[in-house]
Amino acid sequence: MSVRLLQLFVSSLRQNLPRPSNIVRSGVQIRFITEMNAMEPLEEKIDDSIVQSKNHTRYKRRFLKRQWETTKKETEPGESEEKKVCDKPFERIKRKKMAVLLGYCGVNYYGMQRNPGVPTIEEDLLKALYDAKYITEEDFNNQQNAQFQRSSRTDKGVSAARQVVSLKLPLEVNIEEINNRLPQCIKVFGIKRATNKFNSKSKCNARTYSYTLPTYVFEPSLTTEQERKRYRITAEKMTKVNEILGVYKGTKSYHNFTEKKHYQDPSSLRYMMSFALERVFIESEVEFAELLVKGQSFMLHQIRKMVGLMIAVVRGQTDMGMMDKAFGKDKVMIPTAPGLGLMLDKVHYERYDAKFKDSHESLSWDAEEEAVERFKREQIFPNIVKGEIEDNSMGLWLEKIKGHSFEPSDDIPEDKNVVNGDDDDDDCDDIESDDLKNNKVELPVPSETISKTENIDNRDDERTVTISSEEKIEETEDIRKNDANNIVDNEIKSSDSVVR
């Protein structure tokens with residue numbers, strides 16, 4: 001009986017228990033579940049930066065919507081959520097770099113450069129371009145948006161017969177439409193297409209200024225007005241004037257012909273190509289002479305002081321030794337001639353024209369020469385003559401310099417001849433560049449008294465000559481040696497005192 005019951009129990013177990021293969025599979029499954037259950041507390045400690053799903057990888061997240069895109073933009077008080085609609089019709093006009101050739105009489109203006117609150121040449125020019133819709137309102141408010149640049153900056157009362165400014169303008173420009181919006185004392189002679197990187201100031205390789213003055217200033221014996229009107233300059237006097245003006249040729253230190261410059265300042269080195277009495281003419285019974293000076297660049301008051309020193313030598317107030325002293329180390333107080341007769345005659349772009357003659361228009365004034373001479377006769381020279389005859393500008397200046405002292409003194413300030421504290425450049429450009437600060441001045445022609453080293457400017461493939469003063473280099477080297485010796489002596493003394 002008991003055996004029979006045992007057999008029944010075993011058979012029932014065999015029927016209810018799974019097969020061996022199922023046991024193995026279930027064992028694997030049981031073991032897998034056990035491992036996953038064992039890893040659950042570890043996964044809670046894992047950093048959230050670990051991606052648990054491939055849908056959250058960097059590749060998948062590129063197609064998912066970013067969180068910041070779903071957030072609404074906060075609106076300021078009083079601002080609507082609707083999109084703003086432009087009320088003014090917008091028209092895109094293709095603009096290119098242009099060179100504007102113009103002339104002006106600056107007698108009633110406070111210089112070329114824009115100056116808020118006072119009339120300037122740039123203000124009237126930009127206003128005319130804006131009224132003609134050749135520049136935008138943003139360009140008018142900030143001319144740098146149009147890449148505006150003048151070739152030469154003139155001061156209060158200084159005129160220009162051939163001035164060039166560069167800026168971006170439409171390809172189709174009507175010159176008469178601009179001139180109709182300009183006063184008669186400002187005239188645009190032409191507009192020419194230039195290169196995209198053209199800069200009217202940096203690409204200008206030379207500038208020519210003229211200075212018009214009555215010839216009676218060369219004769220000190222004339223005192224009355226009638227004697228000055230009847231005076232006519234002699235050939236001997238013209239020769240003497242040209243001899244004195246010839247001293248300015250070449251590369252020299254003009255630290256005494258400007259302000260806030262010293263002898264060792266490399267930026268005071270300037271190169272003058274020519275300076276001579278060009279012509280003599282009679283206007284309103286008074287004889288006038290026109291002086292022409294051509295140089296690479298000029299500094300504040302430089303031309304007016306060059307003319308003032310020349311007049312002082314011709315009149316016998318000083319001798320030729322003062323000319324040599326003015327270019328030396330010592331400080332010399334040079335009188336500044338009036339600015340009425342100063343005029344920018346021409347800006348030169350010979351190197352630019354030679355490089356781009358096959359692809360762009362030449363910046364020469366051959367086609368505009370007749371119009372320029374007419375403008376000078378009608379607008380510039382009459383104002384200079386009128387100011388000289390009616391206001392007696394040069395006569396008052398001659399009376400002022402009779403007791404002039406060329407020696408520096410703290411009690412006698414330098415005669416700046418500046419009205420209303422206007423301290424801008426009247427003789428054009430001050431090329432304070434990195435090359436000048438590094439004791440180098442780029443000049444197209446070398447001087448005999450200056451050491452020369454040549455290099456090639458890779459930016460525009462133009463050959464330039466880098467010139468530095470030998471005397472200045474020797475002095476700076478001596479100063480450095482003395483300073484080094486003094487430092488060594490001080491260190492030795494200090495070390496000896498420590499040892500003792």
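Visitor: Is Tyr130 buried, partly exposed or exposed?
Guide: Tyr130 is partly exposed, with a relative accessible area of 31%. Buried means under 20%, exposed over 50%, and partly exposed in between (1.4 Å probe, protein chains only). This is a predicted model: local features need pLDDT of at least 70, side-chain atom pairs need 80 or more, and totals for chains, interfaces and linings use all residues. Residues count from 1 along each chain as its sequence is written, and side-chain values use heavy atoms, without hydrogens or water.
Visitor: How many aromatic pairs are there?
Guide: The structure holds 15 aromatic pairs. Rings of Phe, Tyr and Trp (its six-membered ring) pair with centres within 6.5 Å; planes under 30 degrees apart are stacked, over 60 edge-to-face, the rest tilted.
Visitor: Why do Tyr130 and Phe140 count as stacked?
Guide: Their ring centres are 5.4 Å apart and their planes are at 25°, so the pair is stacked.
Visitor: What charged end sits over the ring of Phe140?
Guide: That of Arg114, 4.8 Å from the ring centre. The rule is NZ of Lys or CZ of Arg within 6 Å of the centre and within 35 degrees of the ring normal.
Visitor: New topic. Why is strand β8 largely enclosed?
Guide: Strand β8 (residues 286–295) has 9 of its 10 residues buried, so the rest of the structure largely encloses it. Strands are DSSP E runs of at least two residues, numbered from the N terminus.
Visitor: How many bridges join β7 to β8?
Guide: 10 bridges, and the two run antiparallel. Pairing takes at least two DSSP bridges.

How values were computed. Helices (H or I, at least four residues) and strands (E, at least two) are DSSP runs, numbered from the N terminus.
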